[in-house]
Structure formats: C-alpha cells, structure tokens
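Please consider the following model with attention to its aromatic rings and their surroundings.

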Amino acid sequence: MPKEVALYSFDYIWLNDGVICASSVQGKSGCAIAAEGKNGFSVIIGANAAVDKIFSKGQVWLRSHARVDGLIRYYGLPENSFTTKIQKNAVANREFNNDERLWPWRINVNSVEKTIAQRKLLVQSGIQVALQDGDTLETLKVESGGRIVLPVGRVVVNNLQLEPGSKIEFESPGMETTLQVNDNVIWRTEFERNAPLEAIAQGLRLAYYGSKKVFVEGEWAGFIYAPNAKIVLGQAGYKTVYGQVLANGITVHQKTKIFRVEYKPNKVQIFAMRREK
C-alpha cells in the first residue's frame, strides 16, 4: 500500500456528499486517493466533499461545491486525454495528463489457498475469548455483548460475523495484528478503547481474500486489504475511519471523515543486558 495514499482502488472510488479525507489525524490538509478504473467515472467526489490529490486512470467528476485542494493527475495518454467534469462551485486547482505507463505504483496482489478448518467459535453475550497467534477457524461469530481479544500475529477465519454490540480488544494495540478472512465478512463491531484509534490503526490489518462486497458498518481503524472485493464505508452510524484501504472498488457514504493512518506496526523491542562480573 503506498504510504501516502488513504484509498487505493483497482476500480472506482466514490466519495458521497460531505466526505472529508485528511492526511493524518492532526493534519488539516486533505488526503490522496488513487483509482485504476477506466470505465465511466473512476472517481466521483460528492457535494461539499474534499480531498487533496487524485491519481486516476479514468474520468473524474466533482459535484457541487466539491474541492480538490492539490491536483488531479490523470494517466491515460496516449489513448485518452481527460478533462475533469465540474459542477456548480466545485474547485479543482490543477490537472495534468500523463502517459498511462507512468502510473507511480505497481501493487502486488497476493492470493491464498482455501483454508481447511473444522473449528466453529460462537462468542455469546458476557463471554470473552482470547485468540492465539496461528488460530484457524471455519467460523467466528461474536454476538452482541460478546468480546474477542486479538493477539499479536495472525488469525485465519473463513467466515467472520461480528454483530452490533460486540467488542474487539487487542493484546498489544499498535503491534502487528492480522485478521485474515477468506470467504465472508460481516463487520458491525466496536473497538475496546484501550488505546487511541489511530494507534490501533497502525497495527491492525484485515486481509480479505474473498470477492463479495463488504459493508464496514461498525467502527473501523486499520488497513483493509481486499484486492478482489468492493468495500463500503460509513453506511451505518460510524462516520469516522482511521487507516488505509486497498480494494477493487471503494464507496464512502455521506459525511464520513477519513483520517489516513499509515499501516506501520510497532516492532518488538529487544534489550540486551550486560551483567558485571
């Protein structure tokens, strides 16, 4: 994932009305987004929405009062030369057309084989389960009032269902925690606030290898890696997103705030002590 980009899509990026994207939690400037789609409008910035930079292989549409504070950089030449579609009072300061072969990133998309797992885990209300590095589950369902603790390391789940009112806690917030999901994701959960969300975001990675559309209806802080799926953010009550997203199509619902937090897990500190003779 390019560290300077908040949203990276192999297809489209659609930001609905009022979406604001910031380059950091403290930063007031907008974020950068990148879309490789070539059909129709690859990037749509809704009314009163704002970003800093757009990198696109297709057409960009700025709706009423939308704002691009930095630049729009198209990559379509020599076949295509683009001009931004601008509605009433939208602002785009600069745009450039570039050779498509100069696209600045080459993203390696990994694939995984189907995980064979028999264990099904149901976490009911009032129950807390601490998962271990290397755990492999066919199904993980956490009901309202249930809680899971994610370890430093990797947990693999074929089918994940986190219901409203469930909680996720982290063994060490900010350390590398990968939740790999292969088939289905239902994400309606909340984070246990044992650390700031921006600290959680730099260490959590949801690696989804399926192709079904994912609605992130619960709280989100982390890196979503979903190269084959379409991701929808901010549809329900949670309108703040911390982290980065890589997907095959990204929709952000209205009035959502996105804070780019680079996926950069903390490292384990090892200290050597010398004993005097």
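A residue is called buried under 20% relative accessible area, exposed over 50% and partly exposed in between, with a 1.4 Å probe and protein chains only. The model is predicted, so that local features need pLDDT of at least 70 and side-chain atom pairs count only at pLDDT 80 or more, while totals for chains, interfaces and linings use all residues. Residues are numbered from 1 along each chain as its sequence is written, and side-chain values use heavy atoms, with hydrogens and water left out.

Rings of Phe, Tyr and Trp (its six-membered ring) pair if their centres lie within 6.5 Å; planes under 30 degrees apart are stacked, over 60 edge-to-face, and the rest tilted. By this rule there are 17 aromatic pairs. One of them joins Tyr74 and Phe82 in a tilted arrangement, with 5.2 Å between centres and 35 degrees between planes. Both Tyr74 and Phe82 are buried. Trp103 and Trp105 form an edge-to-face pair, at 5.7 Å centre to centre and 80 degrees between the planes; these two residues are also buried.

Phe41 belongs to strand E5, residues 41-45 (strands are DSSP runs of E, at least two residues, numbered from the N terminus). Phe41 is partly exposed, its relative accessible area being 28%. Beyond its neighbours within four places in sequence, Phe41 contacts Tyr12, Trp14, Gln59, Val60, Trp61 and Lys85, where contact means heavy atoms within 4.5 Å.

Lys85 in turn lies over the face of Trp61, 4.2 Å from the ring centre; the criterion is NZ of Lys or CZ of Arg within 6 Å of the ring centre and within 35 degrees of the ring normal.

Key. Helices (H or I, at least four residues) and strands (E, at least two) are DSSP runs, numbered from the N terminus.
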